[in-house]
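Biologist: I should like to learn how to read the strands, helices and loops of a model. May we begin with the way strands are joined?

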Amino acid sequence: MAASPVSKPSLKPANPKISGITSAGSTSARPKPKLGLRAWMERVLVECDRAAAGFEADPVHDLRVALRRCRSLADGLMALDPDPSWKEMKKAGKKLFQALGELRDMQVMQEWIEKLSGANDPNASNDPVAVKLIDHVHVREAVCKQLALKDLNQFDRKQWRQWARALPRRAGRVRPGSVVYLHLALEKWTTAYDLHKHALRTRSQVALHQLRIGIKRFRYTVENFLPRQHALWGDDLKELQDLLGEVHDLDVLWATAIEIQAFPDAESRSRWREKLNVERAKRIERYRAKMVGRQSLWRVWRAELPAGPQLRAAAMSRLRVWAGYLDPDFAHSQRVALLALLLYDGLKDAGLVAGSTRATNLDYDSRAVLQAAALMHDVGKAKGQEKHQKRSYRMIRRLERPLGWSAREMEMAAVVARYHRGALPHPRGKSLQVLELPDRPIAMELAGVLRLANALDVRHARHGDGSENSPRLEVSLQDRVVVVRAAGYSALDGSAEGVAAARHLLETVLRRPVLVRSLRGSAGGGGSAGPVLVAGR
């Protein structure tokens with residue numbers, strides 16, 4: 001339904017309490033919102049009722065903020081938890097968010113027109129530019145309210161309530177302030193900083209708007225997942241977001257004035273262009289003062305986020321969390337990872353595997369590749385047991401590479417996980433062909449280690465039976481025979497057949513026999529719980 005143009009639009013501010021204009025909305029006092037996904041999702045429902053009462057500026061702004069927070073949090077959590085509900089929630093919020101977008105633009109634009117035209121000036125009503133702009137805003141606002149009401153009525157609140165109960169529980173599996181969220185914040189920082197450099201280089205309106213979005217996403221990640229950092233950075237992040245938001249508001253106002261041909265002559269056009277440029281320049285200069293130079297906030301924030309070995313460890317934690325959401329028996333995969341590392345370290349000390357004398361020029365950490373592959377090797381079980389190793393391979397390859405890891409390492413981890421069971425790798429097989437030539441024998445070695453470690457998890461073979469808390473393993477080299485002694489292993493146990501088959505790949509790549517024996521004193525799983533590694537000649 002379209003509204004008729006208003007013949008004498010008022011230039012009186014719609015909200016006289018507003019002393020300044022920000023794209024974040026009015027400055028009227030309201031209780032500070034609680035943080036966290038559950039609080040924001042519940043607030044969406046509250047703000048829906050407030051907005052429906054008349055679609056006034058404050059309720060529309062608050063509803064958009066709540067929706068934006070939920071969608072931004074979902075965007076970050078989707079990288080950790082592949083549950084499809086995150087994508088569905090984000091999509092549902094997007095439709096309503098966009099429906100309110102133009103309405104909010106009109107409301108903010110009116111505030112700017114009133115400020116720039118001097119609404120308290122008795123002569124302001126004689127400004128033909130302001131009159132035409134306000135007239136346009138009133139017409140569009142009425143139309144936008146009708147469209148927004150339609151989309152608000154179609155918003156599925158029952159489904160949203162169900163998500164508000166289920167999704168925060170899933171998000172709660174990773175505690176706020178953890179290294180995983182530090183890694184996630186670093187991703188957002190990296191994206192925002194790249195946008196910052198692009199915006200300073202091009203100085204385009206589009207680049208500045210994209211920069212604002214990048215800083216906003218970084219801010220929301222810090223605010224909701226990193227309480228200590230938010231206490232230090234929160235005020236600056238909000239100010240920067242507001243500054244760039246106001247720059248965008250001014251750009252939209254100018255574009256609208258040009259589109260509706262609001263200027264009756266060159267003088268009025270020049271006068272308004274000057275007003276907008278002055279306001280715009282103030283905000284860009286304020287942004288530059290905080291964000292350019294050796295003392296910029298970019299450097300301050302980066303110094304608090306993971307780097308070097310800490311970044312590598314954070315990336316591994318990120319992969320661990322992702323696998324934990326998918327793997328139906330992640331405790332098994334964690335034990336396999338420990339066994340694989342113990343076995344790898346013993347073989348490496350004996351000079352038999354990657355990382356030894358013939359692999360000293362590697363530009364990646366093959367041990368870390370093995371650990372990641374072990375943690376992720378069963379993610380394919382999320383879609384069924386049969387041939388899950390192939391699904392694991394595809395899922396790992398599709399996974400977005402975490403900061404601190406190379407594409408080469410992720411490809412290696414996928415291949416190693418692919419061959420933890422099933423058919424043996426073939427040098428000319430498709431999976432190995434994707435690797436660089438020097439990486440193929442190393443991948444086969446790591447797959448051999450993982451395959452044997454997977455079979456040696458006797459607790460898994462016994463369906464969780466046994467009292468041992470942590471795997472124990474000893475590796476020794478006797479003549480040309482590799483002897484692996486594992487706690488809980490017994491040649492008379494039903495799992496021994498699987499172990500015998502699993503060691504074949506490792507024997508092939510090492511070109512020597514591998515014998516598996518019971519670790520003395522373990523008595524089928526008893527003994528001390530601490531990990532033991534002995535590598536001898």
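Modeller: In β3, the bridge partner of A486 is S518. This is a predicted model, in which local features need pLDDT of at least 70 and side-chain atom pairs count only at pLDDT 80 or more, whereas totals for chains, interfaces and linings use all residues. Residues are numbered from 1 along each chain as its sequence is written, and side-chain values use heavy atoms, with hydrogens and water left out.

Biologist: How many bridges join β2 to β3, and do these strands run parallel or antiparallel?

Modeller: Two strands pair if DSSP finds at least two bridges between them. Helices (H or I, at least four residues) and strands (E, at least two) are DSSP runs, numbered from the N terminus. Here 5 bridges join β2 to β3, and the two strands run parallel. From β2 the chain passes through α20 to reach β3, and this β-α-β crossover is right-handed; that is, with the strands pointing away from the viewer, the path from the first strand over the helix to the second runs clockwise.

Biologist: In what sense do β1 and β2 pair?

Modeller: Strand β1 (residues 473-478) pairs with β2 in the antiparallel sense, over 6 bridges. E474 has R485 as its bridge partner in β2, and Q478 has V481. The hairpin of β1 and β2 has 2 residues between the strands, and D479 takes a positive phi near 55° there.

Biologist: What span does helix α20 reach, and where does the helix bend?

Modeller: The expected span of a helix is 1.5 Å times one less than its number of residues. Helix α20 (residues 496-510) has 15 residues and reaches 21 Å from its first C-alpha to its last, close to the 21 Å expected. A bend is the angle between axes fitted to the seven residues ending at a position and the seven starting there; α20 bends by about 30° at H504.

Biologist: Which residues of α20 are buried, and what covers them?

Modeller: Buried means under 20% relative accessible area, exposed over 50%, and partly exposed in between (1.4 Å probe, protein chains only). The buried residues of α20 are A496, V499, A502, L505, L506, V509 and L510. Their cover includes α13 (330-349), α18 (439-455), β2 (481-486) and β3 (514-518).

Biologist: Why is α8 described as largely enclosed by the rest of the structure?

Modeller: 15 of the 21 residues of α8 are buried, so this helix is largely enclosed. The span of α8 (residues 205-225) also agrees with expectation, because its 21 residues should span 30 Å at 1.5 Å a residue and its end C-alpha atoms are 31 Å apart.

Biologist: Where does R511 lie, and is this residue buried or exposed?

Modeller: R511 is found in the loop between α20 and β3. Its phi is positive, about 60°, although R511 is not a glycine. At 71% relative accessibility, R511 counts as exposed. Q261, in the loop between α9 (227-259) and α10 (266-291), has a positive phi near 55° and is likewise a residue other than glycine. At 62% relative accessibility, Q261 counts as exposed.

Biologist: What percentage of the residues of the protein count as buried?

Modeller: Of the 537 residues, 52% count as buried. The protein has 20 helices and 4 strands. Taking a contact as heavy atoms within 4.5 Å, 77% of contacts between residues at least 6 apart in sequence join residues at least 24 apart.
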